[in-house]
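The following note sets out comments on the two chains and on the contact between them.

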Amino acid sequence: MSGFDIVATDQWLLGPLFGIDHSFLRINKETVIHTWITLAVIAALLFLGRYFLSKKDSLGQFFTLNFISFFVDLINQTLTEFSMNHFIFVTTTFCFVLGCNVISLIPWMEEPTTDLNTTLALGLVSFFYTQWAAIQVYGLWEYIKGYFSPFFIMMPLNVVGKLATVVSISFRLFGNIFGGSIISSIYFQAIQGNFILEILGLATGVNLVITVFFGLFEGFLQAFVFGMLSLTYLSLALQGEGH
Amino acid sequence: MAEFTEYFHFGTIALTTAINAIGVGLGQGITSKAAIEGMNQQPSAADDIRNTAILGMALIETAAVMGTFISVLLLLQTRNAVDSYYTSLATIGIAFAICCSGFVLGLVSAFPARAACIAVARQPFFSPHITRFMMISLSLLQTPIIFGFIVALFIHGQAATISTMRDALRLIASGMCIGLGSIGPAIGLAIFSAKSCEGIGKNRAAYGHIFSFTLIGQAIIETPIIFSLIVSVSLLFLVPGTGQEDLLDGIALFAAGLCTGIGTLGPGISSGRVAAAAVEQITQRPEAHGVLSRISMFAQGLIETAAIYAVLISFILLFYR
């Protein structure tokens, strides 16, 4: 417990190749490899979904269509009109975060979202997509004028408020997944090596409860919250706060 | 100094169990009272109300179980003969991390359980949904005590190796940050969950909207706890122990923990009250849930900015002393 690291030690150093060393040029090896594996799993599931769509009246087709129509309904309810771009963005974000959160169910895998870099990147992607969509709707001039409303003096507050959304959305995802993964790793470390405790954990179902609650339930919930909040920030930016 | 060492160590062992037990006892009393009142109102639903109350009380008990676990762990590893004065001083951090969150959580977890019992009495045929909803919101409500528990285990692991007042203050600050920091959000979460349970009891047509809004609302309200956890973990792992005595440095670290711990109190409570007001309106007009939830989230985001300022000051104190 005392030797627990939150800063990754296993890194690829790109800096020395160019003769400089900077923390931006270091890559956390485990996070990147686990993200690639997650992407491979998601891609495989996508091809499976495509295959199911071609089979009429099958169970797979039912699930795939339900999944899609759930998101279409969500977009329709939150934004006033359906938009294909926003639909693709929100669904992709949800699927990626969900995959990252529940990948620890596969043995020897760690959630990439326990690394603050991943969640911060996701938060920034969501933030910039929202700003880009707002500029598309209002035009650059109106968008910049939005920062100076209602008064000129409010500009710093508006900027801080915008940046605070990035911090809160990414730290929320990180903290929840990180806390859950610590709890399950502490539990499995504690029972490891003690035969009686391992049998008890298996027989009473405590192992199952901890894995399902902190792995599956919390992961699904946080992915839903992340997607939903991205959508809410998007709808706030598109419909405007004072327009 | 030997007598002080034992005082802190055994004091922490006693406090973690005792204070959590007081909070949980009060909370379970409130729940039982609501259940009995509900049975009095609606005798035909007595079985459903009893099930709901028992499940609620089982979840309220989490705080007491965590407190007892930490007490037993500390008691089994009593090592006064080799403990330094500073190691015992650092166990105050464990007491803060577990006691503050455990006491408040045991007490406030009763509000959703009470609201759920009354809601079942009002709508007996909807009781499976109400019970399931209460279970989900109560298990999400236990986040602060789980985080307090993690930090307490980390403090316990590090306490054996420290030998300076600076490091003792650092560990106490870490415990205080998560302990005090979870009070406000826990109260806010409880107010909000109680209003949601009550709302489902009043208007079951709004169940779907209230359910999805509750998941999102709880995630936003608990953000200050996540900030506290991040500052706590930074104090534990990102600020290394130097091994040299530097009291001023220790006080700066202590202030960093306290800043986030106290700074999250107001945002947590008021964010919960905003969301509770929104859920009350959704109960009355489910068709307007889109507008209501959007405005509520916008207001909560503004309120959260205050907590982010506190975290910013904490990080400046931590890394740019």
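1. Helices in this note are DSSP runs of H or I with at least four residues, and strands are runs of E with at least two, numbered from the N terminus. On that basis chain B contains 14 helices and zero strands. Its pattern along the sequence is α-α-α-α-α-α-α-α-α-α-α-α-α-α. The model under review is predicted.

2. Confidence in chain A. The mean pLDDT of chain A is 84, and 93% of the residues score at least 70. Within chain A, helix H1 (residues 15-18) has the lowest confidence, with a mean of 71, whereas helix H4 (residues 84-102) has the highest, at 92. Where pLDDT is low, predicted coordinates should not be read in detail.

3. Composition and extent of chain A. Nine helices and two strands make up the secondary structure of chain A. Starting at the N terminus, the order of elements in chain A is β-α-β-α-α-α-α-α-α-α-α. The C-alpha trace of chain A extends over about 65 × 60 × 35 Å along its principal axes. Of the 243 residues in chain A, 26% are buried. For contacts in chain A between residues at least 6 apart in sequence, 64% join residues at least 24 apart.

4. Extent and burial of chain B. The C-alpha atoms of chain B occupy a box of roughly 65 × 40 × 20 Å along the principal axes. Chain B has a radius of gyration of 21 Å, which agrees with the value near 20 Å that a compact globule of 321 residues would have. Buried residues account for 60% of the 321 residues of chain B. Among contacts in chain B between residues at least 6 apart in sequence, 91% link residues at least 24 apart.

5. The contact between the chains. Chain A contributes 26 residues to the contact and chain B contributes 27 residues. On the side of chain A that touches chain B, at least two residues come from each of helix H3 (59-78), helix H7 (155-191) and helix H9 (206-239) of chain A. H7(A) provides the largest share of that side, 14 residues. By class, the side of chain A that touches chain B comprises 14 nonpolar, 11 polar and one charged residues.

6. A helix pair in chain B. At what angle do helix H2 (residues 46-60) and helix H6 (residues 127-141) of chain B pack? The angle is about 10°, and the axes of the two helices lie 10 Å apart. Angles under 35 degrees count as roughly parallel, so H2(B) is roughly parallel to H6(B). From H2(B), the contact involves B:Asp48, B:Asn51, B:Thr52, B:Leu55, B:Gly56 and B:Leu59. From H6(B), it involves B:Ser127, B:Ile130, B:Thr131, B:Met134, B:Met135, B:Leu138 and B:Ser139. The residues of this contact of H2(B) with H6(B) comprise six nonpolar, six polar and one charged.

7. The surroundings of B:Ile191. Helix H9 (residues 183-202) of chain B contains B:Ile191. Is B:Ile191 buried or exposed? B:Ile191 counts as buried because it has 21 C-beta neighbours inside 10 Å, where the cut-off for a buried residue is 20 or more. Leaving aside residues up to four places away in sequence, B:Ile191 touches B:Phe111, B:Gly272, B:Arg273 and B:Ala276. B:Asn40 lies 151 residues from B:Ile191 in sequence, with a C-alpha to C-alpha separation of 25 Å.

Methods: Residues are numbered from 1 along each chain as its sequence is written. Chains are lettered from A and ligands numbered from 1 in the order in which they are written. This is a predicted model: local features need pLDDT of at least 70, side-chain atom pairs count only at pLDDT 80 or more; totals for chains, interfaces and linings use all residues. Two residues are in contact if their C-beta atoms, placed from the backbone, lie within 7 Å. Ala, Val, Leu, Ile, Met, Phe, Trp, Tyr, Cys and Pro count as nonpolar, Asp, Glu, Lys and Arg as charged, and the others, Gly among them, as polar. Axes are lines fitted to C-alpha atoms, for helices over the stretch in contact, and angles run from 0 to 180 degrees between N-to-C directions. Angles under 35 degrees count as roughly parallel, over 145 as roughly antiparallel, 65 to 115 as roughly perpendicular and the rest as oblique. The radius of gyration is taken over C-alpha atoms; the globule rule is 2.2 Å times the number of residues to the power 0.38. A residue is buried if 20 or more other C-beta atoms lie within 10 Å of its own, exposed if 12 or fewer, and partly exposed in between; C-beta atoms are placed from the backbone. pLDDT is the predictor's confidence in each residue, from 0 to 100.
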